[in-house]
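Subject: Structure handover

Hello,

Here is the structure for you to take over. Please open it first; my notes follow below.

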Amino acid sequence: MKVAIITFPGSNCDYDLYKCVQLVGGSPDFVWHREVELGNVDAVMLPGGFSYGDYLRAGAIATMSPVMDSVKAFAAAGGPVVGICNGFQMLCEAGLLPGALLRNDSLLFVSQDVLLRVESDSTVFTRGYEVGQVLRMPIAHAEGNYHTDPETLDRLESEGRVLFRYVDASGKATADANPNGSARSIAGIVNENGNVMGMMPHPERAVEEILGSVDGTGIFEALLAHLSPVGTT
Amino acid sequence: MTRFRLEIRVVPRPGLLDPEGKAIQHALQSLDYEGIQDVRVGKILYLDVEASSADEARQRGHAMCQRLLANPVTEDFQIEVHEESPAEIPA
């Protein structure tokens, strides 16, 4: 699995992603945002961070980068694209995912572990999990408050495109367990074709015991298994 | 070509939760200002542009808002066009 990790001025989770892709046996490669071509890759990942200092709106200016035309073409051709944190904000700004990430309702930058309930195991990103499984991973953001209109929310739900929800220890999506005010406690979604995923929590920071959780590994393993099935490499 | 200054106001959509506005509203109430129904926080961008007419300048600003300056999911925008010498306009 060759993975292009797009780096922008202000990205700060690019090396975490690089290490994480290596950990599951993939081949990561950094692609600078000024590049025009992605090269011959199997997946694209947009890392967390503060591209362009979050000026104007988080992720907005990054979507004007030359490489983003190639990312859009790659996604349109069905290639898997993962956006984490600032990467999720970019995917929404670029129109590859519906909605927007607003300021946290607390107005605070929130950096803490959260619990996520897996809502769908039928995507190439989440098929390693079971529906209802509760995962632990960190969040670190000030604009993670997922917002879209009620019709789009209903559509996301009915099409099984909500992948993760913030929950409490008993697996319930309560207001207290929602760290940023996201509509319907949504933490991660996928596009209509099931090949573009965005999420605010950081699975790449939950891939080794020393990090406190290995629950994020499943996303990268599932993607690797999808792109490099056993026996084909 | 004439030089115009575009004053572009980008504001959160009506009905959209604006936590920053809410925090300011509460702060004003704590200063005993009564009767404040709502506070909403947006931003103003000043763009100095050259265009052949005010209409053209406005149209260009409109396109810029749609493509970058405002998020159509969460924000509305208004554009005022000033044909003044830049020295007269507050920076």
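Start with Val44(A). Leaving aside residues up to four places away in sequence, Val44(A) touches Ala4(A), Ile6(A), Leu38(A), Val71(A), Phe74(A), Gly79(A) and Val81(A). Val44(A) is also one of the residues that touch the most other members of the largest nonpolar core, alongside Ile6(A), Leu91(A) and Leu116(A). That core holds 69 residues. Its biggest contributor is strand β9 of chain A, residues 162-167, which gives five residues. There is a second, separate core of eight residues, and Phe4(B), Leu6(B), Ala57(B) and Ala70(B) are among them.

Bear in mind throughout that this is a predicted model.

**Chain A overall**

Chain A has five helices and 11 strands. The C-alpha trace spans about 45 × 45 × 35 Å along the principal axes. Buried residues come to 53% of the 233. Take the contacts in chain A between residues at least 6 apart in sequence: 75% of them join residues at least 24 apart.

**The sheet in chain A**

Nine strands of chain A make an open sheet with mixed pairing. The order is β2-β1-β3-β4-β11-β10-β9-β6-β7. From one strand to the next, the twist averages 25 degrees.

One pairing to look at is β4 with β11. Strand β4 (residues 81-84) of chain A runs parallel to strand β11 (residues 196-199) of chain A, over four bridges. Within that pair, Val82(A) has Met197(A) in β11(A) as its bridge partner.

**Two helices in chain A**

How many residues of helix α3 of chain A are buried? Eight of its eight, over residues 86-93. They are Asn86(A), Gly87(A), Phe88(A), Gln89(A), Met90(A), Leu91(A), Cys92(A) and Glu93(A). The cover over these buried residues includes β3 (43-46), β4, β5 (100-102) and β11 of chain A. So the list has nonpolar, polar and charged side chains in it, because Gly counts as polar and Glu as charged, while Leu counts as nonpolar. After α3(A) comes Gly95(A), with a positive phi near 80 degrees.

Met68(A) sits in helix α2 (residues 67-76) of chain A. Is Met68(A) buried or partly exposed? It is partly exposed, because 19 other C-beta atoms lie within 10 Å, and the cut-off for buried is 20 or more. Beyond residues up to four places away in sequence, Met68(A) touches Thr63(A) and Ala94(A). Ser228(A) is 160 residues from Met68(A) in sequence and 25 Å away in space, C-alpha to C-alpha.

**Chain B**

Chain B has two helices and three strands. Along the sequence the pattern is β-α-β-α-β. The radius of gyration of chain B is 16 Å, well over the 12 Å that the globule rule gives for 91 residues, so chain B is more spread out than a compact globule. Its C-alpha atoms fill a box of roughly 50 × 30 × 15 Å along the principal axes. Of the 91 residues in chain B, 14% are buried. Of its contacts with a separation of 6 or more, 71% are between residues 24 or more positions apart.

Phe4(B) is worth a click. Phe4(B) lies in strand β1 (residues 2-12) of chain B. Phe4(B) is buried, because 22 other C-beta atoms lie within 10 Å. Not counting residues up to four places away in sequence, Phe4(B) touches Val49(B), Ala51(B), Ala54(B), Ala57(B), Val81(B), His82(B) and Glu83(B). Of these, Ala57(B) is 53 residues from Phe4(B) in sequence, yet 7.0 Å away in space, C-alpha to C-alpha.

**Where the chains meet**

The contact involves 11 residues from chain A and eight residues from chain B. On the side of chain B that touches chain A, helix α1 (residues 19-30) of chain B supplies the largest share, three residues. By type, that side of chain B has five nonpolar residues, two polar and one charged.

Over to you.

Key
Residues are numbered from 1 along each chain as its sequence is written. Chains are lettered from A and ligands numbered from 1 in the order in which they are written. This is a predicted model: local features need pLDDT of at least 70, side-chain atom pairs count only at pLDDT 80 or more; totals for chains, interfaces and linings use all residues. Two residues are in contact if their C-beta atoms, placed from the backbone, lie within 7 Å. Two strands pair if DSSP finds at least two bridges between them. Axes are lines fitted to C-alpha atoms, for helices over the stretch in contact, and angles run from 0 to 180 degrees between N-to-C directions. A residue is buried if 20 or more other C-beta atoms lie within 10 Å of its own, exposed if 12 or fewer, and partly exposed in between; C-beta atoms are placed from the backbone. The radius of gyration is taken over C-alpha atoms; the globule rule is 2.2 Å times the number of residues to the power 0.38. A nonpolar core is a set of buried Ala, Val, Leu, Ile, Met, Phe, Trp, Tyr and Cys residues joined through C-beta atoms within 7 Å.
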